[in-house]
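This report covers a strand pair, a loop residue and several salt bridges. Please look over the sequence and the structure before reading on.

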Amino acid sequence: MKLFSFLFVITSLATAGCATPATLQPTEARIDKEAIRRKIRENRKAFHGCYDEALERNPTTKGKIELAWEIGDDGKTSRIETKYNSTGDEDFGKCMAKSLEKVKFEAPPKGQIAKVIFPFIFTDEARETKKK
């Protein structure tokens with residue numbers, strides 16, 4: 001049974017324009033969606049821990065937490081933010097963001113970043129699974 005399900009959207013538009021080397025900004029890269037899913041699955045214990053804590057505070061916790069972040073050319077996450085949280089538990093969203101900080105993703109090409117938006121869905125089914 002799934003503890004939670006997730007969908008995600010990866011934005012990956014190449015930026016255009018000219019810049020001198022002193023002002024050169026990283027461009028946005030395409031990154032494999034399945035690689036993102038795989039890393040989230042590999043690190044699901046940390047996310048489940050956040051859900052466990054939320055359920056201890058409120059056993060009826062459910063909803064969606066949508067996180068947005070960037071993946072640098074070293075595979076590390078940065079600029080993590082909670083874009084949406086319908087669970088009513090701000091600490092739950094903070095825990096999810098903190099857990100995401102520790103995940104190292106497949107790196108985009110050198111000098112590029114990948115922007116990711118990933119919604120985590122927590123359902124009644126997940127809550128029932130936790131009770132068993």
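Which residue forms a salt bridge with K110? The partner is D73, and the closest N and O atoms of the pair are 4.0 Å apart. K110 is exposed, at 75% relative accessible area, and D73 is partly exposed, at 30%.

The model is predicted. In the whole structure, a search finds eight salt bridges. The table lists three of them.

| Salt bridge | N to O distance |
|---|---|
| R41 and E34 | 2.7 Å |
| R57 and D89 | 2.9 Å |
| K110 and D73 | 4.0 Å |

R57 sits in helix α2 and D89 in the loop between β5 and α3, 32 residues apart. D89 is buried because its relative accessible area is 11%, under the 20% cut-off. R57, at 43%, counts as partly exposed. R41 is also partly exposed, at 33%, and E34 has 30% and falls in that class too. Salt bridges with shared partners join E34, R37 and R41 into one network.

T61 lies in the loop between α2 and β4 and counts as buried, at 2% relative accessibility. Its side chain reaches the backbone oxygen of N58 at 2.7 Å. The C-alpha atoms of T61 and F92 are 9.7 Å apart, with 31 residues separating the two along the chain.

Definitions and conventions: Residues are numbered from 1 along each chain as its sequence is written. This is a predicted model: local features need pLDDT of at least 70, side-chain atom pairs count only at pLDDT 80 or more; totals for chains, interfaces and linings use all residues. Side-chain values use heavy atoms; hydrogens and water are left out. Helices (H or I, at least four residues) and strands (E, at least two) are DSSP runs, numbered from the N terminus. Buried means under 20% relative accessible area, exposed over 50%, partly exposed in between (1.4 Å probe, protein chains only). A polar contact is a pair of N or O atoms within 3.5 Å; within protein, one must be able to donate a hydrogen and the other to accept it, and residues adjacent in sequence count only if both atoms are side-chain atoms. A salt bridge is a side-chain nitrogen of Lys or Arg within 4 Å of a carboxyl oxygen of Asp or Glu.
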